[in-house]
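Biologist: Before we go into any detail, I would like to learn how to read the way the parts of a chain meet. Could you take me through it with a worked case?

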Amino acid sequence: MKITAARVIVTCPGRNFVTLKVETDQGVSGIGDATLNGREKAVVAYLEDHVIPSLIGRDPSRIEDIWQFFYRGAYWRRGPVTMSAISAVDTALWDIKAKMAGMPLYQLLGGKSRERVMVYGHANGASLEETVDAVGQYIAMGYKAIRAQSGIPGIEKAYGVARGTLHYEPADAALPTETVWDTPKYLRFAPRLFEKLRDTYGDEPELLHDVHHRLTPNEAAQLGKALEPHRLFWMEDPTPAENQQAFRLIRERTTTPLAVGEIFDSIWDCKDLIENQLIDYIRTTVLRAGGITHLRRIADLASLYQVRTGSHGATDLSPVTMGAAVHFDTWVPNFGIQEYMRHSEETDAVFPHDYRFADGHMHCGETPGHGVTIDEELAAKYPYRPASLPVARLEDGTMWSW
Ligand code: GCO
Ligand code: MG
């Protein structure tokens, strides 16, 4: 069996997506997601100039060897551009292998560990009251787990809050939007939000919150402690994780569960956090962390330390990632939860898929492969539009983590 062609499809049905399509001499093809929000063209160039020429003519069934060729063989290892490209190749090859076997992807991985996959949705509002209402709407839609982000009095454009009724979409302008951040205002406000949510909806709904790398380890510990009475499912990205040991300072001071990893691209980014049991959930994805092949290694390492998975699933990850992720989640023994932000109708039409939401859970479907395809004719109707993620500054002008 041989790979005869591979090409990159860029489309913008409301937001940009980069998809790799791999074709074979057996008439079977597979697709992988290579979208890197705000840096899409860098991955397109990496794939077209440095990956595809070496892919043509290879045997697509040799998934592991191809992974090693592009990772170990590249000399310049890791980084989001390289790893998003490798992930797309890997996802497309697993899709092909599963189609050749006539099996849904989860079967190839080892079969079902569960019947359905719990997901969490994003509720947000411009004020505390609006956010409380938004959480109620998610409960009414059947969600068992909800992430709550709210506008903060005195802070303009807080992270995670949609403008108008749109789905939250941070890449909102060609050049980065400048936002302002104020930690003391946030630390005073956030515990009040979760107190109100528990008062309103009781103990049952799982509540999550994303700090988006804004706090120092000590501030994060303060927040974690203040949130303990409200029993969060997790507090996400409380501090930047370049220094993995920073999490020890948080861990020693609070029992609020910690989740990290949406920007990690290899097992090395997770190693100290997992081995030292500094986190509860690892958020690496099929898309960013080297595809199914590498994500499986991360999950296996995590399982040794009772760390569970909680893969990133924002709208900048295409339905191709969501499809592959739901198969992975259906198999992985140490599954925790899956993030699920709904895509726009335009996006769902470009990427017909088999996964299905029902009663707060996702079902992966039984179609051979990962169950997601691309309508190339429709995709061509939505040309690429430059869009960047915002940046953040403190009120005095200091650049801060967004
Ligand atoms: C999340 C994330 C996203 C990111 C986005 C960046 O937890 O879903 O933090 O909202 O900001 O994926 O591209
Ligand atoms: Mg996040």
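Modeller: In this model the centres of domain 1 and domain 2, taken over C-alpha atoms, are separated by 26 Å. Domain 1 covers 3-104 and domain 2 covers 109-367 of the protein chain, with bounds that come from an automatic or database domain assignment. This is a predicted model, in which local features need pLDDT of at least 70, side-chain atom pairs count only at pLDDT 80 or more, and totals for chains, interfaces and linings use all residues. Residues are numbered from 1 along each chain as its sequence is written, chains are lettered from A and ligands numbered from 1 in the order in which they are written, and side-chain values use heavy atoms, with hydrogens and water left out.

Biologist: How many residues of domain 1 are in contact with domain 2, and what area do the two domains bury between them?

Modeller: Contact means heavy atoms within 4.5 Å, and buried area is the accessible area (1.4 Å probe) that two parts lose on being put together, summed over both. Here 27 residues of domain 1 are in contact with 35 residues of domain 2, and the domains bury about 2400 Å² between them, 57% of it on carbon and sulfur atoms. Of the area that domain 1 buries against domain 2, D33, W94 and P104 supply 22%, more than any other three residues.

Biologist: How many salt bridges does the rule find across this interface?

Modeller: Side chains of opposite charge can pair when their charged atoms come close. The rule asks for a side-chain nitrogen of Lys or Arg within 4 Å of a carboxyl oxygen of Asp or Glu, and it finds 3 salt bridges across the interface of domain 1 and domain 2. R78 forms a salt bridge with D269, where the closest N and O atoms are 3.0 Å apart.

Biologist: Which parts of the sequence does the salt bridge between E376 and K21 tie together?

Modeller: The closest N and O atoms of E376 and K21 are 3.0 Å apart. E376 lies in helix α13 (residues 376-379) and K21 in strand β2, so this pair ties together parts that are 355 residues apart in sequence; helices (H or I, at least four residues) and strands (E, at least two) are DSSP runs, numbered from the N terminus.

Biologist: Which residues come nearest to ligand 1?

Modeller: A residue counts as near a molecule if one of its heavy atoms lies within 4 Å of it. Of the 15 residues around ligand 1, N37, H212, E262, D316 and E339 come nearest.
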